Every structure is written in C-alpha cells, then in structure tokens.
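Please keep the model open while you read.

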Amino acid sequence: MSLLDIHNLNASYGDVQVIFDLSLKVNQGEVVSIIGGNGAGKSTLLRVISGLLPASGGQIIFEEKEIQKDLPENIVAQGIVHVPEGRRLFPLMSVKDNLMVGAYNKRAREESEQTLQEVYSLLPRLEEREDQLAMTLSGGEQQMVAIGRGLMAKPHILMLDEPSLGLAPLLIKDIFETVRKIADQGMTVLMVEQDVRHSLSLSDRGYVLEHGRVVMEGQADQMIDDPHIREAYLGM
Amino acid sequence: MLYVLEDTINGILMGSIYGLTAMGLTIIFGVLKVINFAHGSLLMVGMYVSYWAIRLTGVHPYVALILVIPIMFIFGYSLQKIIIRPIFIAEKNVREPVTVIIVTTGIWYILDNLTLLLFGPQYRSLGNNPLQGKMLELGEMFISMPKLYGFVTALVTAAAVHWFMHKTVMGRAIRATSMDREAASLMGIDQYKIYNVAFGIGAATTGIAAVTLIPFYNVFPTVGVLFDIKGFIIVVLGGLGSITGALVGGVIIGLIESVGPQFMTATWTEAIVYGLFLVVLFVKPSGLFGQKHDW
C-alpha cells in the first residue's frame, strides 16, 4: 500500500474541468516530481489533495484513509502539508511567527520548539532573520521560510508547488539542495516543477501531466533521457 | 490658555474612550474583512449588560468587567457562529462576501428593536455610583474622573489585545488568517473558528468600552448609533484593522470635539471631523496606521 494513492481523480473550476481521471501514487520515502507546462493541472492537483478545491470524482487515499472529502485544516492534521505556489507567507509577521504558525496543528504544536531548532539547523539563514518581517525578505529567503513553515507542521508527506518559481539560477540550486537534504532525512516529497532537469535529477519517479491527464510516468533517471521529455521540456 | 489645556486633556481622555468603542470594529474588520454594521448595537448591548450587572449587584462599575467581558465574548462568538457563519459558508466562492454586510445591518435592526421591546425607549442612567460627577483637581483644572478611568482602561485593553495577538498561538492564528485565509487553512487553521473568536474578542472589547461609558452616559436602545458613525470615521482615520490606529483616530476626534468649541461654534467641529475624514481618504486611503498591503 502506498502512502498516497490517487484513483481516477476529477476536478473542475466551475464548469471547466481541469483534471481528468488522474491516478498517481507516492510511496513512503519517495521523491516524486510532477512536471508539465502551464495549465497542465499540476497546481490544481495539489490544491485538490490538500482540500482547497473539492474533487468532483475519484478517491484520494492517504495512509489507507479516504480524504477527498476532508477540509484543508483536517488534511494538514493528518500529515499532508502543502507549500503553496508563490510562497504565500504571512507578510506582516516575523519569520519566526510564520514558522510557529506552521506548527498550529495539534500534532505539531507540542513539539514546535524542537521542530523549530531542526528547521533552523537545516536553514540557518532563517535563524539569523527570525525577527524580520516576512515581506522584507528576498524571494529565495521567502521560499526557504515557506518550506520551513511546511516542515514545522510535521508532515508525513511534503508537497511543494514550484519552489523554484521566479528565482535566480543560483538560488534555484540552493532550493533544490535544500529539498535534497529534506529528502535525505527520509521525508516523502511530492513536487510540482517547471524546472524539469533539476526536479527529475533529485526525484525517484516522475509523472508528466498534459491537459489534466497523466501522459507519462516512470523512473526519474529514465525520464531524463526520454526523447519526448527532452524535446518538450528540456528544449533539446 | 488654561482652558485650552483642560479641554485638550479632556479631549484626549474622551477620545481614547471613542477609540476603545471602535476597537472591536477594527478587530472584526481586520480578520473577517467585513464592516460590521451591528457594531453600535454591540456597544448598546454591552451598555445594557453593564447597566444591569452594576445595578443588580451594586458593585463598583469597573468590577462589573468580570461579568461583562465573558458575557460579551460569548455573545459575539455565538452571533458569528450561529448567524454570520452560515452566510460565509454559502458565499464561500464569492470573493467579496457583501451579503454578510447586509446581514450585519439586519442584526443591528433586530438588536435595537429587541432592546426597545424588552426595556422600552426610556433613558436609563446609572445614577448613584462611586464615579458619578467625580473630578480630579489639577491646579485650577478639572479633569473628569470617569473619563480618566476610561483612558487608562483603553490603554490597558489595547496593550492586552496587542499582547494576545502577538504572543499566543491563537493570536498568531488570528493574524495569519487576517493576512491570507487560504494559506492559514493550509497551516491547519479552521477559518470559521478564528472568525468566531475574533468576533468574540471584538464584542468583548466593545463590552469594556461600554463599562467605561456607563458611569457618565445614558443607556437607551439607539445609543449605539451615536457611536457607530464615530466608530467608522475613527477606524478609517486610523487605518482599518489597526488597533493603535483606532486609539489615535479616537483621540483625534476627541480633541477636535473638545478643543474646537474654544475657537468656533460647537456645531462646526462636526464639519471639521468629516472634513478631516475626507482629507485622509484622499491623501492616505489606508488611514494613518493602515497597511497598504492586500495580499
């Protein structure tokens, strides 16, 4: 049994269907990338998993429980943590307060002080900036806070939506390095990315989404060499 | 000259009480993003609760806070949970929940008329109480004692709310929700529970304001209307959602009302208040302490 198992998922924004009969799974300890162009439904998929957008059909099974009808706050409590696109920090709160809000759910709250130290040792920059308001940080630092805030929730699976979006190449390397460190500690990661090369190179498996459907899936190292992917997403 | 100083002091004192009456409005707006048109009615309910609490127990007006704060918190919490929340849920996918504003207007009418039905239209005053007509003599100046109590209470309340919002888990969750409710729900925060609590806190601070007013102000079913309009001006002046802004906005209004008549006909002060209101809207629409960010 996989940690996260998605069967024939459908989802729509109003009358517009965005996800069609999508099936996907993530095993314990894996890093899985979802790649695809703009409008392929990648972010929508994460929004459905975390409960922000209701599924119109299909099942999402997490740790052997159906969760597609649960509210976002209950899904977090069960261990699915979504680091949303565009960081979505609380701009007028300090870095430390942003992190502490991440540990709001009951399971995480009791250990919040200890988790904070773990996050600080993974991302030492955040400790230096803990009293600064989130809105005054650079894009790369904001992404680090967003990831740190996600870790504060004590995830069983961490879902990252385009962590490299809008960052300079050097910072992108930093972000992926951080993701690798998190994965090396045993965290299960489901990542949506447009930076296909970086994301596949640190993933175990990958899925390609086009127009809301899975058009390809496989081992990440094989996907990197696939002619279709090389042409469509790597520009070679 | 001494008169001006005396009026300035009394203006600051009364203004801080105005600020305290508006604090709940700014807290509720900051979190729910809804102008609560029933705010004056909350104050009115708070004043009746204080009036009866003091009358029936015979305690010092400020001792009644022990009763008024929890009663008003529960009242606000339940009002949001039972009446306003269903509207929010029905309007979940609407970006600006305008219907909620209309519902608060309905609550205003219902509360005012219900009070009229229950207690009648007569003005009630606390009458004999330890603070009645008490003055502090400062040289040749007279400072109103009940207003001085109100001033201190306003500062303490503002400090307490600030502390709560910044230092407690619930306070941080409330601030997070006010900045980005979707991101907050991804942190495991139940948005509607936060709304209940914020409404409860807003009502509780309004109850505190009611206690500060009751020693020198009459209670009647439409007393809230007087403070309603003032409250809106104060929070826009100070910046919607800002607690400091509410206090400063209140003090500005209090000063104009109190010092103004030294230099002009008293009725002109109102024109100055509204004029200033317009100027602030033109020059700094986010108010003196408001945040420009809408994320």
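**Helix pair in chain B**

- In this predicted model, the axes of α5(B), residues 145-167, and α8(B), residues 191-213, come within 10 Å and cross at roughly 170 degrees. Axes are lines fitted to C-alpha atoms, for helices over the stretch in contact, and angles run from 0 to 180 degrees between N-to-C directions.
- α5(B) and α8(B) are therefore roughly antiparallel (angles over 145 degrees).
- On α5(B), B:Tyr149, B:Gly150, B:Thr153, B:Thr157 and B:Val161 meet B:Thr205, B:Ile208 and B:Thr212 of α8(B). Residues are in contact if their C-beta atoms, placed from the backbone, lie within 7 Å.
- The residues of this contact divide into 3 nonpolar, 5 polar and no charged. Ala, Val, Leu, Ile, Met, Phe, Trp, Tyr, Cys and Pro count as nonpolar, Asp, Glu, Lys and Arg as charged, and the others, Gly among them, as polar.

**Sheet in chain A**

- An open sheet of 6 strands runs in the order β6-β7-β8-β3-β9-β10 of chain A, with mixed pairing. Strands (E, at least two residues) and helices (H or I, at least four) are DSSP runs, numbered from the N terminus. Two strands pair if DSSP finds at least two bridges between them.
- β6 (80-83) and β10 (213-219) of chain A stand at the edges with a single partner strand each, so one side of each has no neighbour in the sheet.
- Neighbouring strands of this sheet are turned by 15 degrees against each other on average, direction ignored.
- β7 (157-161) and β8 (188-193) of chain A run parallel and are joined by 5 bridges. A:Asp161 has A:Val192 in β8(A) as its bridge partner.
- Helix α8 (169-184) of chain A lies across β3 (31-35), β7 and β8 of chain A, at about 155 degrees to β8(A).

**Helix α7 of chain A**

- α7(A), residues 139-152, has 14 residues and reaches 20 Å from its first C-alpha to its last, close to the expected 20 Å (1.5 Å times one less than the number of residues).
- 12 of the 14 residues of α7(A) are buried, so this helix is largely enclosed by the rest of the structure. Buried means 20 or more other C-beta atoms within 10 Å of the residue's own, placed from the backbone.
- The buried residues include A:Glu141, A:Arg149 and A:Met152.
- A:Lys154 follows α7(A) and has a positive phi, near 55 degrees.

**Contact between chains A and B**

- Chain A gives 21 residues and chain B 18 residues.
- α2 (72-78) and α3 (95-102) of chain A are the elements giving two or more residues to the chain A side.
- That side divides into 13 nonpolar, 4 polar and 4 charged residues.

**Conventions**

- Residues are numbered from 1 along each chain as its sequence is written, while chains are lettered from A and ligands numbered from 1 in the order written. Local features need pLDDT of at least 70, side-chain atom pairs count only at pLDDT 80 or more, and totals for chains, interfaces and linings use all residues.

Note on methods
Parallel < 35°, antiparallel > 145°, perpendicular 65-115°, else oblique. Contact = placed C-beta atoms within 7 Å.
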